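I opened my notebook for a first walk through this structure. Here is what I looked up, entry by entry.

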Amino acid sequence: MRNLTLIFLAWSLAAATVVSSLATAASLPASAPTVQGVLPCQTSLDQKKPLAVADAVDLALCRNPQTREAWAFARASAADVGIAEAAWWPVVNANGIFGRNHTNADGYTSPSTNRTLGLSASLLLFDFGGRTATLETARQLLAADQAIVSSTVQSVIQSSVKAYYEAQSFIAALEAARMREQANIESVKVAQARYQAGAGTPADLLQARTALSQAMLARQTTEGTQRTAMGNLAFALGLPANSALALAGDSSALAPEAELAAVDGLIEEALRLRPDLVAAEARLAATRSDVAIARSSGMPTLSFGAAAAQSTAGGRSQLETGSIGLVLNIPLFEGFARRERIRGAEARADAAEARRDISALQVALEVWSAYQEAQTAAQTILTSRDLEASAEQSARVAGGRYQAGVGTMLEWLTAQSIAAEARRQRIAARYFWFTSRANLAQAVGRLSQEHLGQ
């Protein structure tokens, strides 16, 4: 084995010299970017603690399968980068053959044992940029998957925030429906007392009872809708729809009077920040690297190689072989496949560029729509406050007029109905504002804890 050892010592020195000469920023890439990111992990629901919107988001991020899937794809892409980096390292193989032969000549059997041990190694030195382009493709696809992780996280936040505030709004709407029902109960009592005292009419009592039945029906309908909203919230959090959820009281800070940033600036910000646009740009870069890979596929390659083997037969003979040198491979003809690979790669790059441009237009539209929605929400919440205040005052005046004998039951019931509807609109406007803020933040690409309204 002395010659075998000398051969591989020589190969090691030569390989070290080659790697040292190639150790530049262009030829020896940095290690693969790592997929990092710590998700809050409130994986279980605390039944003793009312669920705040921030807790709901934490729960959704940990339990929703979409986030796990996105992280898994990103980790797989990180591994692909490592695979692409392996092209800068030598490839070493070992092989061994062990056999037993029996030779029969003139009735005499002669057994012998054969053994062969060998090592081979090769190191790619130059390939016209093929492995560099392969690594760039892997890195860009990793960047795309990392951006998709961010996009998925924001999508999960937005869906859980929306479901949470919808559930909150129906809880408040149910309370408003019960208040309306209670007001109608009082109307029935007043109409009953006036009728018994001879100051009221049967029509007034019938109208009051009809309004009470309508209020009871509205309350029952709202109860069903509220239960459905709670099931939708549980689903958004990755929980069974029949999970018992207790939501925290509404202590959200509300300042719709604050002006929103100019929509043009928000669109420009979205074109820089939106994770799906970042992913589209990375995929475009990856397809352009694929063009370089296709161009290099038919070019010559230069490798450094070494091999050594030792064979014995019957324990009597020994053969040692070894080789070391450069290997030049020049493709001559492969049926025009390289040309078609280049055309296909260029076409896929053009398609990726078109998808990127379509995504940019879609992002601008989403920001515009979300901005208008937020503007509307800010205006309606202020108007709904005034509407509720005036409608409640009108209901109190109408009730006083009826009890004083100068107003009608229809007038009082109409005022109560208007007040109940104004209360419902004020509640809807409030939660519409919370949701629209989150929608706008997601459209821009910066949805985070500060946009949860708590």
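I began with burial: of the 454 residues of the chain, 38% count as buried, where buried means under 20% relative accessible area, exposed over 50% and partly exposed in between (1.4 Å probe, protein chains only). I was looking at a predicted model, in which local features need pLDDT of at least 70, side-chain atom pairs count only at pLDDT 80 or more, and totals for chains, interfaces and linings use all residues. I also noted that residues are numbered from 1 along each chain as its sequence is written, and that side-chain values use heavy atoms, with hydrogens and water left out.

**Confidence**

I checked pLDDT, the predictor's confidence in each residue, from 0 to 100. The chain has a mean pLDDT of 82, and 82% of its residues reach 70 or more. Helix α1 (residues 2–22) has the lowest confidence, a mean of 43, while helix α7 (residues 275–296) has the highest, at 93. Over residues 1–40 pLDDT stays under 50, and the model has 71 contacts beyond four places in sequence for them; contact means heavy atoms within 4.5 Å. I kept a reminder for myself: where pLDDT is low, the predicted coordinates should not be read in detail.

**Overall layout**

I found nine helices and four strands in the chain. Helices (H or I, at least four residues) and strands (E, at least two) are DSSP runs, numbered from the N terminus. Along the sequence I read the pattern α-α-α-β-β-α-α-α-α-β-β-α-α. Among contacts between residues at least 6 apart in sequence, 79% join residues at least 24 apart.

**Two helix pairs**

How do α3 and α4 pack? Helix α3 (residues 65–85) and helix α4 (residues 130–196) have axes 8 Å apart and an angle of about 165°. Axes are lines fitted to C-alpha atoms, for helices over the stretch in contact, and angles run from 0 to 180 degrees between N-to-C directions. α3 and α4 are therefore roughly antiparallel, a label for angles over 145 degrees. On the α3 side I listed W71 and F73 among the residues in contact, and on the α4 side L141 and L142 are included. The residues of this contact divide into 13 nonpolar, five polar and four charged. Here Ala, Val, Leu, Ile, Met, Phe, Trp, Tyr, Cys and Pro count as nonpolar, Asp, Glu, Lys and Arg as charged, and the others, Gly among them, as polar.

Next I looked at α7 with helix α8 (residues 337–403): their axes come within 8 Å and cross at roughly 170°. That makes α7 roughly antiparallel to α8. I read eleven nonpolar, two polar and twelve charged residues in this contact.

**Single residues**

Is Q416 buried or exposed? Q416 is buried, at a relative accessible area of 11%. I placed Q416 in helix α9 (residues 409–444), and beyond four places in sequence Q416 is in contact with A183, N184, S187 and A395.

L326, in strand β4, is exposed, with a relative accessible area of 58%. Not counting residues up to four places away in sequence, L326 touches L125, L302, S303 and F304. The C-alpha atoms of L326 and G305 are separated by 6.1 Å, though these residues are 21 apart along the chain.

F128 sits in the loop between β2 (108–126) and α4 and is partly exposed, at 42% relative accessible area. F336 also has a positive phi, near 65°, and lies in the loop between β4 (317–329) and α8.

Technical notes: Angles under 35 degrees count as roughly parallel, over 145 as roughly antiparallel, 65 to 115 as roughly perpendicular and the rest as oblique.
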